[in-house]
Amino acid sequence: MDRRFLSAFTDPSDQVKILGRRVSPFCLLHRVQLEAIDSPLLKGGTDIRPSDLLVAVKICAGEPISKPTFKDSWYLGRMNRSEKYFIQQIVRFSEFVLIESWPKFWEKKDKGQETSGIPWVLSIVTGLIRNGISEERAWTMPESQAIWIQSAFAVGHGAELKVLTTEDEELLAKLETE
């Protein structure tokens, strides 16, 4: 069975602590909230500051973003003093997001593909709701699970999606080296 699928449904992300906070599984609602503040953690790159990470963690922990508390100041100080610690926490956050657990698809090279203009996050949420998942659950289920489930719904409704399994990737890598 595909390892990304297994990871999406078995990862104990509800027990992750980052910067001393227990974070809820990363979900589509967290993604929208981080997009709303233009968080560099969603873009990758090297322009991430300790305060960016702290705000993202507080969002995922369901805490208000307000004047820094003593606890916030302590963690900010620690990240500012130790680049190693800061990088470790960024890696923890990145692993917590579980993007590597999303399905991968064989891509068709269609020229001139039109888009609807609807944000992809909203398309996923509405697809889940249309198929009987409550609005709250659609917004708060782990993001990788939402992507897998919506993909399965889409295939069930006739979409031409082909998942590139981890086994397919291993075979392709082996063929490239031979």
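In which sense, left-handed or right-handed, does α6 pass α8? The model examined here is predicted, so that local features were considered only at pLDDT of at least 70 and side-chain atom pairs only at pLDDT 80 or more, whereas totals for chains, interfaces and linings use all residues. Residues are numbered from 1 along each chain as its sequence is written, and side-chain values use heavy atoms, with hydrogens and water left out.

The secondary structure of the protein comprises 9 helices and 4 strands, where helices (H or I, at least four residues) and strands (E, at least two) are DSSP runs numbered from the N terminus. Read from the N terminus, the order of the elements is α-β-β-α-α-α-α-β-α-α-α-β-α. Of the 178 residues, 36% count as buried, a term that denotes under 20% relative accessible area, with exposed set at over 50% and partly exposed in between (1.4 Å probe, protein chains only). The protein exposes about 11300 Å², of which carbon and sulfur atoms supply 56%; accessible areas come from the Shrake-Rupley method with a 1.4 Å probe, and for residues only the protein chains shown count as cover. Among contacts (heavy atoms within 4.5 Å) with a separation of 6 or more, 70% are accounted for by residues 24 or more positions apart.

The crossing of α6 over α8 is left-handed, a crossing being given this label if the near helix is turned anticlockwise from the far one by less than a right angle, and right-handed if clockwise. Helix α6 (residues 120–130) and α8 pack at an angle of about 65°, with their axes 9 Å apart; axes are lines fitted to C-alpha atoms, for helices over the stretch in contact, and angles run from 0 to 180 degrees between N-to-C directions. On the α6 side the residues involved are Trp-120, Ile-124, Gly-127, Leu-128 and Arg-130, which meet Glu-143, Ala-146, Ile-147, Ile-149, Gln-150 and Phe-153 in α8. By class, this contact of α6 with α8 has 7 nonpolar, 2 polar and 2 charged residues, where Ala, Val, Leu, Ile, Met, Phe, Trp, Tyr, Cys and Pro count as nonpolar, Asp, Glu, Lys and Arg as charged, and the others, Gly among them, as polar.

Within helix α8 (residues 143–156) lies Ala-146, which is buried at a relative accessible area of 0%. Not counting residues up to four places away in sequence, Ala-146 touches Leu-28, Ile-124, Leu-128 and Met-141, and its C-alpha atom is separated by 7.6 Å from that of Leu-128, 18 residues apart along the chain. Val-125, which belongs to helix α6, is buried at 1% relative accessibility. With the neighbours up to four places away again left aside, Val-125 touches Leu-28, Ala-138 and Trp-139, while the C-alpha atoms of Val-125 and Glu-135, 10 residues apart along the chain, are separated by 7.5 Å.

The contact is made by Pro-50, Leu-53, Ala-56, Val-57 and Cys-60 of α3 and by Phe-86, Gln-89, Ile-90, Phe-93 and Phe-96 of α5, and by class it has 9 nonpolar, 1 polar and no charged residues. Because 9 of the 11 residues of α3 are buried, this helix is largely enclosed by the rest of the structure. The buried residues of α3 include Asp-52 and Lys-58, and what covers the buried residues of the helix includes β1 (17–18), β2 (21–22), α2 (28–36), α4 (70–81) and α5.

Several backbone positions have a positive phi. Just after α3, Gly-62 takes a value of about 75°. Leu-19, although not a glycine, has a positive phi of about 50°; this residue is placed in the loop between β1 and β2 and is buried, with a relative accessible area of 2%. Asp-38, likewise not a glycine, has a positive phi of about 55° and is found in the loop between α2 and α3.

The structure holds 0 disulfides, a disulfide being a pair of cysteine sulfur atoms within 2.5 Å. The sulfur of Cys-27 is 7.4 Å from the closest cysteine sulfur, in Cys-60, and is therefore too far away for a bond. Cys-27 is buried, with a relative accessible area of 3%, and Cys-60 is buried at 0%.
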